[in-house]
Amino acid sequence: MNTVIQVSDVSKNFGSHIVLEKISLQVNRAAIYGLLGPSGAGKTTLVKMIAGIETPTKGSIKVLDTLMPNLHNMTKIGFMAQSDALYGELSGKENLEFFASIYGLKGEKQKERIEHAASLVNLTEFLKKQVHQYSGGMKRRLSLAAAILHEPQILILDEPTVGIDPVLRQSIWNELYKLSENGTTILVTTHVMDEAEKCSQLGMLRDGRLIASGSPRQLKESTSSETIEEAFLYYGGVRHEN
């Protein structure tokens, strides 16, 4: 089974407000699939539905060939929300212990996974600090560590590098590449064009609609664009004169 995420004709309304309209896409195993679009395009709502946190108004979402939401399937997903769901009065280590226990990690296995995840995001020396003393970037990294603790088959990251300096951003992307090479499927939302270039596949979202999808190279070539930004503008209805 190569397709691990299948979104079929999905729409989402909140009351009379249409957030997403007739979205269909698929994500293959070990891909880094980027959802690119401005704030308000519907990216967060879409990834929450894929993670099983929200339900579609219409259409269906299958993850690992199982209809979502599905409680058992949710244990195979690591989800990093846009706002950090961390406990400020606890230390970094205590936060990771809490999330590890939710995932059923105990004893030596828990200790091993916490050490691994913390070193992955370069936080080992800060684990004893209370999280309210962390910078915004450190909190984002701790959230990422929490999402990868249980070695999920699918990692869903909502704007994972917001507020993180360029050097750290690059190191996080290096880790995402490693996870992908080891078979983890990664779905990442971003509004940063150079991050979109780093993905193996892209879905472009605008005003709740999927306006284009393909590899960054395909999207640029098919629009005769030099950059992803130009391609996005093209698909969004802004034509460039060559």
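A residue is called buried when its relative accessible area is under 20%, exposed when it is over 50%, and partly exposed in between, using a 1.4 Å probe and protein chains only. The model is predicted, so local features need pLDDT of at least 70 and side-chain atom pairs count only at pLDDT 80 or more, whereas totals for chains, interfaces and linings use all residues. Residues are numbered from 1 along each chain as its sequence is written, and side-chain values use heavy atoms, with hydrogens and water left out.

**Aromatic pairs**

- The structure holds four aromatic pairs, where rings of Phe, Tyr and Trp (its six-membered ring) pair if their centres lie within 6.5 Å, with planes under 30 degrees apart counted as stacked, over 60 as edge-to-face and the rest as tilted.
- One of them joins Tyr-87 and Phe-98 edge-to-face, at 5.2 Å centre to centre and 80 degrees between the planes.
- Tyr-87 is partly exposed at 35% relative accessible area, and Phe-98 is also partly exposed, at 33%.
- Tyr-234 and Tyr-235 form an edge-to-face pair, with 5.8 Å centre to centre and 85 degrees between the planes; Tyr-234 is partly exposed at 30% relative accessibility, as is Tyr-235 at 26%.
- Tyr-87, Phe-98 and Phe-99 form one aromatic cluster.

**Surroundings of Asn-73**

- Asn-73 counts as buried, at 2% relative accessibility.
- A polar atom of the Asn-73 side chain lies 2.6 Å from the backbone oxygen of Val-63.
- Leaving aside residues up to four places away in sequence, Asn-73 touches Val-63, Leu-64, Thr-66 and Met-68, where contact means heavy atoms within 4.5 Å.

How values were computed: Polar contact = N/O pair within 3.5 Å; in protein donor to acceptor, adjacent residues only side chain to side chain.
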